[in-house]
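Here's a short tour for anyone meeting this structure for the first time. Have a look at the model, then read on.

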Amino acid sequence: MTEAAAQRAGRDAEAAPSLLYLVKRTEQAVRARLDEVLKPAGVTALQYTALTVLERHDGLTAAQLARDSFVTAQSMADMVRTLEARGHVVRSPNPVNRRELLIALTELGHRLLDDYRRPVRELERRMTGGLSAPEVDQLRAALDSAWRQLN
């Protein structure tokens with residue numbers, strides 16, 4: 001390879017979007033489409049994420065829920081108030097530490113998740129529609145590995 005060709009290849013590599021950019025762009029597209037899917041329920045993508053976290057780990061503090069839902073504690077406080085007012089979650093005193101409130105899904109919250117499970121899976125299938133099943137598994141493993149490297 002000539003020096004000029006090597007320089008061109010280097011510039012082309014620099015011109016390609018970074019992985020960080022591609023991940024963020026994908027996350028923004030997913031969030032926008034998820035907001036569209038959830039609009040009839042009056043729930044945002046961030047609220048839905050929090051509900052799915054509670055489905056896997058019911059009885060979390062607001063701080064734990066915020067960390068697992070990728071939002072700030074202040075955003076979560078507002079979100080919990082909204083979800084509680086709509087009947088999707090309930091707060092109750094922690095039996096181990098009475099100063100803490102634990103957040104849990106209500107029956108209505110469970111029903112909302114059940115109602116939107118299929119449309120959300122369809123969105124995921126749409127996102128990965130150009131990939132084979134092994135490639136989807138590889139993508140899942142690669143994203144999980146990338147997350148673990150940063151945490």
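Predicted model: local features only at pLDDT ≥ 70, side-chain atom pairs only at ≥ 80, totals over all residues.

Residues are numbered from 1 along each chain as its sequence is written, and side-chain values use heavy atoms, with hydrogens and water left out.

**The pocket**

The largest pocket holds about 2,300 Å³ of space. (A pocket is an open set of points on a 1 Å grid over the protein atoms alone, where a 1.4 Å probe fits, with protein on both sides within 12 Å along at least five of seven lines; lining residues have an atom within 4 Å of a point. The volume is the space filled by probe spheres set on the points, which are joined across faces, edges and corners.) There are 40 lining residues, and Glu27, Val30, Phe70, Met127 and Leu143 sit closest to the pocket's centre.

Helices H2 (19-38), H3 (45-56), H4 (62-69), H6 (107-127) and H7 (133-150) each give two or more residues to this lining; helices here are DSSP runs of H or I, at least four residues, numbered from the N terminus. H2 provides the largest share, ten residues. By class, the lining has 22 nonpolar, six polar and twelve charged residues. (Ala, Val, Leu, Ile, Met, Phe, Trp, Tyr, Cys and Pro count as nonpolar, Asp, Glu, Lys and Arg as charged, and the others, Gly among them, as polar.)

**Helix packing**

| Pair | Angle | Axis distance |
|---|---|---|
| H3 and H6 | about 110° | 11 Å |
| H3 and H4 | roughly 115° | within 9 Å |
| H4 and H5 (residues 73-85) | about 110° | 9 Å |

H3 is therefore roughly perpendicular to H6, a label that covers 65 to 115 degrees. On the H3 side, Tyr48, Leu51, Thr52 and Glu55 make the contact (heavy atoms within 4.5 Å), meeting Leu112, Leu113, Tyr116, Arg117 and Val120 of H6. That contact counts six nonpolar, one polar and two charged residues.

H3 also lies roughly perpendicular to H4. Here Thr49, Ala50, Val53 and Leu54 of H3 touch Leu65, Asp68 and Ser69 of H4, giving four nonpolar, two polar and one charged residue.

H4 and H5 are roughly perpendicular too. Ala62, Leu65, Ala66 and Ser69 of H4 meet Ala73, Met76 and Val80 of H5, a contact with six nonpolar, one polar and no charged residues.

Terms used:
Axes fitted to C-alpha atoms, helices over the stretch in contact; angles between N-to-C directions. Parallel < 35°, antiparallel > 145°, perpendicular 65-115°, else oblique.
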